[in-house]
Every structure is written in structure tokens, then in C-alpha cells.
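Dear colleague,

Please find the structure below, together with its sequence. My notes on it follow directly after.

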Amino acid sequence: MEQTDLSILSDDFDSLGERHRMPKLLIAEDHPRMRQKVVRTLEADHLVVAVVGDGLEMLDAESRTLPDIVILDISMPTMNGIEAATRLKKRPSNARIIFLTVHQEPEFVEAALAAGADGYVIKSRLAIDLRLAIKEVLAGRRFVSPCLTAGGTGDLGQRGLKLRR
């Protein structure tokens, strides 16, 4: 799969004309339509530095682009997202990890958090949760789609899962 490398540094200006750096994102997603949807959702407020199709490509792109956040699917070919996150956390990287996935089962959320995830967003809630997840993670807080923690499909709170840092 061909990688899209957009690793230019971009500055933006706020309404007062003050310069600030846009957060740099690396997206690892194997489905082309979902990749496009994620990029379209985020590109106005974030700098997408690379878009790749599997975990192994993500590890390569991360070392070249040094993103602030890696948005990572779980189910991908070559190397899944859990393994890729585990390997990334063993490196000297400052990138934070947000999983964007269809998996709502508590076992997947727990595995992602154990692998070093800072956020976990369900794909069906991409438009609602992903921007908030990025904001929370950049502020040093953990984010899990609320439908998984407040009596939703997984009800992780009853399992005693530590969702806060």
C-alpha cells in the first residue's frame, strides 16, 4: 500500500492573529473510505502528516513524521493496531494514541488501554467524539466514547476499568 506523507510543519493563526501550531496527526486505517472520512473530518483544525493502511506502515511513518497523535484502527492487515501501539510505546516517542474502531466489546477497550492508548473512539461516533478525544488527549486526559462508559454497550464502569489518569 502506498503511503501518503504530508509531513510539512504548518502554523496557523487564531482570530487575534496569534500564531499557533496545528496538532500533527498520523492516521492508520485500512479502509480507503474511512481514511477519507477521517481526513475530511479533521483536516480543517489539524495537520494530517501521514495516512497509512496498517500497523507496520504506521510505525515507519511515525518515526519520519513525529506526530502529536496517532489515530489507529484495531483490525488491520500485516500488523493490528494493538500490536502496533504496544511497539510504539516501547520507542522513545511522544505520540499519543487514539484508537478509532468498530469494536465496542470491553475486552478490546481494555486491550487498547493496556497497550498504551490515550483514547478510544467508536467509528459510529467519529463525528461526535473524535475531535473531543483529540482535545482531551492533548490536554493529558484519557477519553473513551461515552456510549461505552455510561451504561452503553460495554458499560466499562461496572467492570472497574480505570478510565481516568
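Lys 89 is partly exposed, with a relative accessible area of 39%; here buried means under 20% relative accessible area, exposed over 50%, and partly exposed in between, with a 1.4 Å probe and protein chains only. The side chain of Lys 89 meets that of Asp 118 in a salt bridge, at 3.9 Å from N to O. A salt bridge is taken as a side-chain nitrogen of Lys or Arg within 4 Å of a carboxyl oxygen of Asp or Glu. This pair links distant parts of the chain, with Lys 89 in helix 3 and Asp 118 in the loop between helix 4 (106–114) and strand 8 (119–122), 29 residues apart. Asp 118 counts as buried because its relative accessible area is 4%.

Please note that this is a predicted model, in which local features need pLDDT of at least 70 and side-chain atom pairs count only at pLDDT 80 or more, while totals for chains, interfaces and linings use all residues. Residues are numbered from 1 along each chain as its sequence is written, and side-chain values use heavy atoms, with hydrogens and water left out.

As to the overall architecture, the chain holds 5 helices and 9 strands. Both are DSSP runs numbered from the N terminus, helices being H or I with at least four residues and strands E with at least two. From the N terminus on, the order of elements is β-β-β-β-α-β-α-β-α-β-α-β-α-β. The chain has 165 residues, of which 50% count as buried. Its accessible surface comes to about 8400 Å², and 50% of that belongs to carbon and sulfur atoms; the areas come from the Shrake-Rupley method with a 1.4 Å probe, and for residues only the protein chains shown count as cover. Among contacts (heavy atoms within 4.5 Å) between residues at least 6 apart in sequence, 59% join residues at least 24 apart.

I return now to the charged side chains. Side chains of opposite charge can pair when their charged atoms come close. A search of the whole structure finds 10 salt bridges. One of them joins Arg 91 and Glu 62, with the closest N and O atoms 3.2 Å apart. Arg 91 lies in the loop between helix 3 (81–89) and strand 7 (96–101) and Glu 62 in helix 2, so the pair ties together parts that are 29 residues apart in sequence. Arg 91 is partly exposed at 31% relative accessible area, whereas Glu 62 is buried at 5%.

Helix 2 (residues 55–65) also holds both Arg 64 and Asp 60, which are 4 residues apart and therefore separated by about one helical turn. These two form a salt bridge as well, their closest N and O atoms being 3.4 Å apart. Arg 64 is partly exposed, with a relative accessible area of 38%, and Asp 60 is likewise partly exposed, at 37%.

Finally, I draw your attention to helix 5 (residues 126–138), where Leu 130 is placed. Leu 130 is buried because its relative accessibility is 0%. Leaving aside residues up to four places away in sequence, Leu 130 touches Val 38, Leu 42, Ile 71, Ile 98, Leu 100, Val 121 and Arg 125. Val 38 is 92 residues from Leu 130 along the chain, yet their C-alpha atoms are separated by 8.9 Å. Glu 136 also lies in helix 5 and is buried, with a relative accessible area of 18%. With the same exclusion of sequence neighbours up to four places away, Glu 136 touches Arg 141 and Phe 143.

With kind regards
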